[in-house]
Amino acid sequence: TVITLLGGTMFLVWLGEQITARGIGNGISLIITVGIVAEFPAAVASMFELGRTGVIPTELMIIIIMGLIGLFAFIVFMERAQRRVVIQHPKRQVGNKLYQGENTHLPIKLNMSGVIPPIFASSILLFPLTIAGFNSGEGASQWLTIVTSYLQHGEPLYVALYAGIIIFFCFFYTQVVFNVEDTAENLKKNGAYVPGIRPGKQTAEYLKKVTTRLTVIGALYLAFVCALPEIVIAKYSLPLFLGGTSLLIIVNVMMDFIGQVQSHLFAHQYEGLIKQAKLRGRKK
């Protein structure tokens with residue numbers, strides 16, 4: 001079993017790297033997304049079958065479908081949201097020409113941690129259940145059975161811990177991927193600065209304050225998106241497999257994939273224009 005799992009995992013990692021090198025997009029993320037989306041038609045069919053037999057009321061089915069569409073739109077909006085910090089570049093002289101300073105912006109995403117916090121949170125909460133599975137049976141300890149019952153999907157303790165761990169990893173991972181001191185130092189070396197803020201330490205403090213405020217909103221957004229499906233599925237006993245983590249993975253990967261496809265098309269059109277210009281130049 002160990003050899004089979006390890007071999008299959010290594011094959012998928014290799015396949016994902018081949019897709020990344022020779023295709024479009026992140027290969028491993030695409031494989032995960034395809035695995036999630038492939039189960040969607042069967043889940044929809046089973047839900048409609050339950051609605052046809054009367055197990056799920058028609059009104060509830062309509063609410064679920066509209067809720068999923070709204071949740072997808074909300075995730076797309078929040079994932080594309082960003083705070084643009086204005087950056088002022090000083091005047092520079094190139095030869096005898098003096099170029100005026102220009103204004104650019106430093107985009108800071110609302111959710112810089114991506115889907116890492118929900119994945120870590122679900123993995124940590126899955127660990128006690130795995131240990132309890134190894135010790136199941138007649139010899140299982142009573143306290144382990146109690147902990148397992150409280151950490152089932154949809155239980156209040158599980159949802160609270162799930163949201164709390166997500167919020168913690170949002171702040172932790174944001175500090176890893178976005179170092180405000182390095183960013184402020186790079187701006188200072190390039191002669192750029194935030195209007196009204198001194199370069200160096202004060203710029204780092206300003207970026208840290210902005211990042212902290214954005215992370216608070218992003219962490220609450222991730223906790224809401226991941227906890228809401230757990231509560232709904234547990235309360236109404238719905239046969240839904242799409243959790244918050246699955247929704248986030250689908251939206252993030254599809255947005256990245258569409259962006260890379262557009263970049264590939266623009267590059268292809270640009271190469272075609274260059275070739276046409278060269279042919280016209282030769283004819284002239």
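**Close-up views of the predicted model**

**View 1. Surroundings of Thr-183.** Leaving out residues up to four places away in sequence, Thr-183 touches Leu-106, Phe-178 and Leu-207. The structure shown in this and the following views is a predicted model. Thr-183 belongs to helix α8, which covers residues 180–189. The relative accessible area of Thr-183 is 16%, and because this lies under the 20% limit, the residue is classed as buried.

**View 2. The protein chain as a whole, for orientation among the close-ups.** The secondary structure of the chain amounts to 10 helices and four strands, and read from the N terminus its elements follow the order α-α-α-α-β-β-β-β-α-α-α-α-α-α. Of the 284 residues in the protein chain, 29% are buried.

**View 3. The packing of helix α3 with α4.** Helix α3, made up of residues 40–53, packs with α4 at an angle of about 155 degrees, and the axes of the two helices are 10 Å apart. Because angles over 145 degrees count as roughly antiparallel, α3 is described as roughly antiparallel to α4. From α3 the contact draws on Met-47, Phe-48 and Gly-51, and from α4 on Met-61, Ile-64 and Ile-65. By class, the residues of this contact are five nonpolar and one polar, with no charged residue.

**View 4. Phe-74 and its partners in contact.** Phe-74 is placed in helix α4, where its relative accessibility of 30% puts it in the partly exposed class. When residues up to four places away in sequence are set aside, Phe-74 touches Tyr-221, Phe-224 and Val-225. One of these partners, Val-225, is 151 residues from Phe-74 in sequence, while the C-alpha atoms of the pair are 9.1 Å apart in space.

**View 5. Ile-75 and its partners in contact.** Ile-75, also a residue of helix α4, has a relative accessibility of 0% and therefore counts as buried. Apart from neighbours within four places in sequence, Ile-75 is in contact with Tyr-221, Val-225, Leu-247, Leu-248 and Val-251. For the pair formed by Ile-75 and Leu-247, a separation of 172 residues along the chain goes with a distance of 8.2 Å between C-alpha atoms.

**View 6. Phe-257 and its partners in contact.** Phe-257 lies in helix α10 and, at a relative accessibility of 30%, is counted as partly exposed. With neighbours within four places in sequence set aside, Phe-257 is in contact with Ile-24 and Leu-30. Phe-257 and Leu-30 are 227 residues apart in sequence, yet their C-alpha atoms are 8.4 Å apart in space.

**View 7. The largest pocket and its lining.** The volume of the largest pocket is about 580 Å³. The pocket is lined by 25 residues, of which Gly-114, Val-115, Asn-252, Val-253 and Asp-256 are the closest to its centre. Five helices each supply at least two residues of this lining, namely α2 (27–38), α4 (58–80), α5 (116–134), α7 (156–177) and α10 (244–283). The largest share, seven residues, comes from α10. Sorted by class, the lining of the pocket holds 14 nonpolar, seven polar and four charged residues.

View 8. Rolling a probe the size of a water molecule over the atoms shows where empty space is left. In this structure there is one cavity of 30 Å³ or more, and the largest cavity has a volume of about 50 Å³. The lining of the largest cavity is made up of Lys-109, Leu-110, Asn-111, Met-112, Ser-113, Cys-170, Thr-174, Thr-211, Leu-214, Thr-215, Gly-218 and Ala-219. Helices α7 and α9, the latter covering residues 201–236, each supply at least two residues of this lining, and α9 gives the most, with five residues. By class, the residues that line the largest cavity are five nonpolar, six polar and one charged.

Terms used. Residues are numbered from 1 along each chain as its sequence is written. This is a predicted model: local features need pLDDT of at least 70, side-chain atom pairs count only at pLDDT 80 or more; totals for chains, interfaces and linings use all residues. Side-chain values use heavy atoms; hydrogens and water are left out. On a 1 Å grid over the protein atoms alone, a cavity is a set of points where a 1.4 Å probe fits but cannot get out, and a pocket is an open set with protein on both sides within 12 Å along at least five of seven lines; lining residues have an atom within 4 Å of a point. Grid points are joined across faces, edges and corners, and a volume is the space filled by probe spheres set on the points. Ala, Val, Leu, Ile, Met, Phe, Trp, Tyr, Cys and Pro count as nonpolar, Asp, Glu, Lys and Arg as charged, and the others, Gly among them, as polar. Axes are lines fitted to C-alpha atoms, for helices over the stretch in contact, and angles run from 0 to 180 degrees between N-to-C directions. Angles under 35 degrees count as roughly parallel, over 145 as roughly antiparallel, 65 to 115 as roughly perpendicular and the rest as oblique. Contact means heavy atoms within 4.5 Å. Buried means under 20% relative accessible area, exposed over 50%, partly exposed in between (1.4 Å probe, protein chains only).
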